[in-house]
Amino acid sequence: MKRHDPLQKVELAAAVLVVALGAFVTLYAYFVLRLGLIISPGAGFMPFLLGVALLLLGASWFLKTLLLSGAINTAAAYDLTGEVGLASGAAKGHSGKHLWGFLVILLFGLLLERAGFLVSITLFMLVWQLIVEKQKWFVSIVITVLTAGAMYVIFRMLLKIHLPSGAWFS
Amino acid sequence: MDIFDGLIGGFSVALTPTNILVAFLGCLLGTAVGVLPGLGPAATIAMLLPTTYVIDSPVTAIILMAGIYYGSMYGGSTTSILLNLPGEAASVVTCIDGYKMAQKGRAGAALGIAAIGSFIAGTVAVVGLTFFAPPIAEFALKFGPPEKFTLALVGLLMAVTLSGSSIIKGMILLVLGLLIASVGLDPVSGKTRFSFGVTELQSGFDFVTLAMGVFGLGEIFYNLEKTLKTEIVTTKVGQVFPNIQDWVRSRMAILRGTAVGFFIGIIPGGGAVISSLVSYAMEKKVSKRPEEFGQGAIEGVAGPESANNAASSSSFIPLLTLGIPGNAAIAMIFAALLIKGITPGPFLIKENPDVFWGVIASMYLGNVMLLVLNLPLVGIWVQLLRVPYRILAPVVILFTAIGSYSIANQAFDIYALLGFGVLGYLLKKLNFEPGPLPLAFVLSPMIETSLRQSLLISGGSFSIFVTRPISGTLIALLTVLIIGQVLFSLRKRRKS
Amino acid sequence: MKKSYEKILIVAGLFFGMLLLSGGAIASEDKFPSKPINVIVPFAAGGSTDLLARAVEKVWPKYSSQPFVVINRPGGGGVTGTEVVVRSKPDGYTIYLGYGSGHDMVMPHLQKLPYDTFKDLVPVARLSIHSIVIVTGAASPFKTLPEMVAWAKKENKPLTAAVSTRAGSVDITLTSLGKAAGINIVTVPFAGGAEAVTALAGGHLTIGGGHPSEVIPHIKAGRFRALAVATPERDPALPDLPTMKEVGVNIANWGSIKGIAAPAGTPPAVIAYYETTLKKVFDDPEFKKMMADLYQPLQYQNAADFGRFLREASADYAKLIKDLNISLK
């Protein structure tokens with residue numbers, strides 16, 4: 001399989017990100033956390049070493065990606081999964097479901113403590129079926145009632161886990 | 001002989017109808033929490049602790065808790081294999097080849113071999129516990145800060161072998177894992193690191209959140225994007241049990257895993273995780289088909305699963321013979337026994353032989369129960385893959401989100417889970433094998449604190465790692481391994 | 001795409017409908033307690049504070065309609081769990097057990113904490129004081145505290161000491177012992193008492209400090225030798241062991257105080273409920289027996305007395321830290 005350029009670009013960008021993170025960690029560890037003495041290493045000792053390691057690793061990843069582009073062995077490595085990461089996504093056009101999924105989970109996090117456990121899981125399931133999976137109303141409601149009910153039984157009745165009942169209602 | 005008398009006495013305690021029932025309940029509950037993502041044995045035992053107060057007999061109480069503990073080790077592999085969702089650190093390794101097997105329609109074989117391997121490992125480890133508990137416990141004490149540091153280093157280097165093709169990517173994840181673990185209060189100096197004024201960050205991240213995010217949620221995001229009609233994963237179920245060839249390939253892996261797990265599991269803190277890593281690396285090394293590892297090699301499931309089960313049994317040794325709890329779940333059992341007026345430790349076997357032997361006998365029994373319980377379950381679990389992804393995915397997400405939330409009862413952990421999910425998704429896009437990340441995260445406190453403790457003890461001299469016998473041997477072994485690996489890959493490169 | 005916006009609108013409408021419906025039933029405020037009480041222990045399971053909490057948890061249902069649920073939130077030497085309580089609603093359903101431990105009494109004088117021990121928490125009752133026993137491995141060349149000091153001076157090298165946490169009560173005791181005796185004691189912090197004791201049992205350090213419930217089993221097993229106890233009076237669990245003062249080391253010592261606190265702003269009626277119920281627990285024979293088995297002295301004090309006691313202890317530690325010039329490295 002021929003190497004696609006987009007993936008290489010993404011890899012290079014990721015490598016730059018790793019280098020930047022390494023630089024930040026190194027400086028933060030050195031100036032804010034402090035290294036301490038070798039007899040008594042301080043809070044920044046380990047993070048400093050890790051920051052330097054990230055810098056070096058990020059740089060070598062960058063160079064390797066740049067130099068080995070098109071080389072047979074890297075291409076083979078990407079072939080193993082049968083996908084070419086981003087490239088295939090771009091080619092097929094992605095479904096966008098993962099973005100919706102992200103938002104719905106975020107919403108669940110915002111709701112849980114306010115609306116309580118039962119309301120949140122019910123809404124989550126309903127929204128998931130309707131908006132992420134674009135199911136019909138009837139199917140969505142049936143699935144929601146069944147799964148939310150089952151979860152309520154498992155968490156509340158069987159495991160008796162302490163879960164929020166909702167600040168809005170008390 | 002003393003041991004046999006004791007064991008017979010123990011069985012007479014364990015085989016009373018109440019205790020059989022309790023052991024069964026414990027195993028059942030343990031399997032259930034092992035399967036449910038985000039609920040670990042420690043959390044479950046903590047919830048059940050008040051219930052054990054009303055149980056009069058301390059033996060019955062500990063049989064219940066021990067059942068939950070090793071039952072959860074059995075169950076832990078299930079979600080790793082089916083959903084790429086490791087419930088606890090020791091089953092991260094299982095995800096790598098187990099999930100690949102499931103994708104190829106061999107989930108049944110993977111689950112079956114995990115159950116059988118766990119049974120063999122559990123039973124052999126209990127035999128070891130029966131005969132050699134005291135001398136082995138002394139060996140565990142020899143692991144001070146320098147030894148723990150070198151051992152964790154071994155674990156980390158083994159974790160790089162999980163990373164498949166690219167060593168650089170594996171190393172990046174390793175460093176990232178160590179770094180994420182350093183967020184929060186530094187145990188040695190008491191300073192806060194990388195919290196930037198966010199209160200929730202002061203207590204750092206939890207392993208369960210990280211592992212479920214990077215593995216489970218990342219996988220779900222990836223799958224969601226890939227297809228407009230999400231019917232993937234749930235295609236093939238395949239044959240339910242391992243075949244003869246699977247068995248032939250796995251049997252030595254199970255035995256090696258058992259041995260590794262038994263010895264490393266004794267060491268307090270991190271034993272089970274490191275043993276699963278060492279087992280995986282070992283199988284990859286001795287295998288005639290190392291290229292299959294990471295692509296669904298059954299030995300990559302059989303070895304580590306056996307190792308972590310053997311480790312869960314042998315982690316009872318320091319508790320029962322020295323009064324030292326090796327991990328959070330065992331610490332709960334320790335507390336429950338103390339409240340009941342029983343002090344685990346060197347005198348337990350003399351002062352409360354019924355407790356000591358009763359527990360051991362119940363562990364023989366528990367392993368049989370777990371096998372009987374789990375083999376038929378394999379068939380049912382596999383059916384889980386027939387559930388349409390549009391239902392399975394949101395249910396799994398809810399389980400992981402609630403699991404994360406219940407760790408500290410804060411919504412922040414759901415956002416953390418989401419963040420790690422995005423990270424896992426990006427890693428998958430960039431062809432990273434995520435395994436080293438959660439493993440480095442788990443080993444990080446062990447590495448860092450034991451390094452700094454060692455330097456405090458030695459007055460700043462690194463010679464402490466070389467001059468002490470166990471630590472020195474481990475370092476020598478590591479050096480030989482690394483040099484061997486370098487030579488091997490050089491020769492391979494020259495050939496090609 | 002248009003279809004899904006429609007769906008979002010309907011879902012939103014449904015959601016607010018549910019809100020209104022459930023909001024209609026206004027929960028009436030019942031007599032305290034009307035739901036289970038969460039008791040945060042900022043240390044790991046199996047440690048001395050956890051065991052104290054478990055003992056109360058076991059007897060509590062005899063005198064209260066609601067359970068006393070112990071939740072372990074270890075980390076940061078106790079700061080993590082305490083902060084959870086400080087930031088929780090002051091309704092009495094989240095309380096803190098372990099008030100007066102090292103991170104409350106010692107740490108504030110050495111570094112800034114995310115909360116104020118006295119302003120953000122209100123005392124409820126004192127339960128016990130865990131003394132600090134200074135121990136050494138059975139193979140070590142000294143048998144008493146003066147012998148240890150003489151040995152350290154003769155050998156002229158640092159004495160390594162296992163302590164449960166940095167800047168905790170055990171750490172401060174051993175550090176100040178070193179300063180007062182003129183020897184170099186290097187304290188090595190672990191993640192809790194159990195780990196520190198384990199490392200000492202393995203012979204990786206020379207001395208260590210721990211609470212009776214942590215060290216007595218090892219003393220009985222012949223693995224440890226006790227050198228002295230760091231409390232003003234002898235510990236009833238170890239009646240033959242001299243105090244530090246008796247062997248000539250005169251430094252302030254309060255042991256590790258274990259009380260209960262609630263977030264600031266908790267209603268006085270709730271505090272009074274805890275005071276009386278805990279008093280009943282303390283008079284229970286089963287509780288007394290359990291505490292004796294756990295080597296924990298019964299030292300009940302009501303809220304007002306406990307508050308005064310803590311301020312006195314804190315001031316004393318502040319003076320000690322200043323006098324001996326102790327700081328975090």
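This is a predicted model: local features need pLDDT of at least 70, side-chain atom pairs count only at pLDDT 80 or more; totals for chains, interfaces and linings use all residues.

Student: Does B:R468 count as buried or exposed, and why?

Tutor: The general idea is to count neighbours, and a residue is buried if 20 or more other C-beta atoms lie within 10 Å of its own. B:R468 has 20 C-beta neighbours inside 10 Å and therefore counts as buried.

Student: Which residues does B:R468 touch, leaving aside those up to four places away in sequence?

Tutor: Here the idea is to set sequence separation against spatial separation. With residues up to four places away excluded, B:R468 touches B:P146 and B:E147. For B:R468 and B:E147, the separation in sequence is 321 residues, whereas the C-alpha to C-alpha distance is 8.2 Å.

Student: How would one extend that reading to the whole of chain B?

Tutor: One starts from the inventory of elements and then turns to overall dimensions. Chain B contains 22 helices and two strands. Its radius of gyration is 22 Å, close to the 23 Å that the globule rule gives for 496 residues, so chain B is as compact as a globular protein of that length. The C-alpha trace of chain B spans about 60 × 60 × 55 Å along its principal axes. Of the 496 residues in chain B, 66% are buried. As for contacts in chain B between residues at least 6 apart in sequence, 80% join residues at least 24 apart.

Student: How many helices and strands does chain C have?

Tutor: Chain C has 11 helices and 11 strands. Its C-alpha trace spans about 85 × 55 × 35 Å along the principal axes, and 50% of its 329 residues count as buried.

Student: How does one read a sheet, and in what order do the strands of the six-stranded sheet in chain C lie?

Tutor: Strands of a sheet pair through backbone hydrogen bonds, either parallel or antiparallel. In chain C, an open sheet of six strands has the order β2-β1-β3-β10-β4-β11, and its pairing is mixed. The edge strands are β2 (68–72) and β11 (301–302) of chain C, each of which pairs on one side only.

Student: Which cases illustrate the two kinds of pairing?

Tutor: Strand β1 (residues 37–41) of chain C runs parallel to β2(C), and five bridges join them; C:N38 has C:V69 in β2(C) as its bridge partner. Strand β3 (residues 94–99) and strand β10 (residues 256–263) of chain C run antiparallel and are joined by three bridges; the partner of C:Y99 in β10(C) is C:G259.

Student: Which residues form the covered face of β2(C)?

Tutor: The covered face of β2(C) consists of C:F68, C:V70 and C:N72, while C:V69 and C:I71 form the uncovered one.

Student: Finally, how does one read the contact between two chains?

Tutor: One counts the residues on each side, then asks which elements supply them and of what class they are. Chain A, which has seven helices and zero strands, places 49 residues in contact with 41 residues of chain B. The largest share of that side of chain A, 10 residues, comes from α5(A). By class, the side of chain A that touches chain B has 33 nonpolar, 11 polar and five charged residues.

Student: How many residues do chain C and chain B each give to their contact?

Tutor: Chain C gives 40 residues and chain B gives 37. On the chain C side, α2(C) provides the largest share, six residues. The residues of that side divide into 22 nonpolar, 11 polar and seven charged.

Technical notes
Residues are numbered from 1 along each chain as its sequence is written. Chains are lettered from A and ligands numbered from 1 in the order in which they are written. Two strands pair if DSSP finds at least two bridges between them. Helices (H or I, at least four residues) and strands (E, at least two) are DSSP runs, numbered from the N terminus. The radius of gyration is taken over C-alpha atoms; the globule rule is 2.2 Å times the number of residues to the power 0.38. A residue is buried if 20 or more other C-beta atoms lie within 10 Å of its own, exposed if 12 or fewer, and partly exposed in between; C-beta atoms are placed from the backbone. Two residues are in contact if their C-beta atoms, placed from the backbone, lie within 7 Å. Ala, Val, Leu, Ile, Met, Phe, Trp, Tyr, Cys and Pro count as nonpolar, Asp, Glu, Lys and Arg as charged, and the others, Gly among them, as polar.
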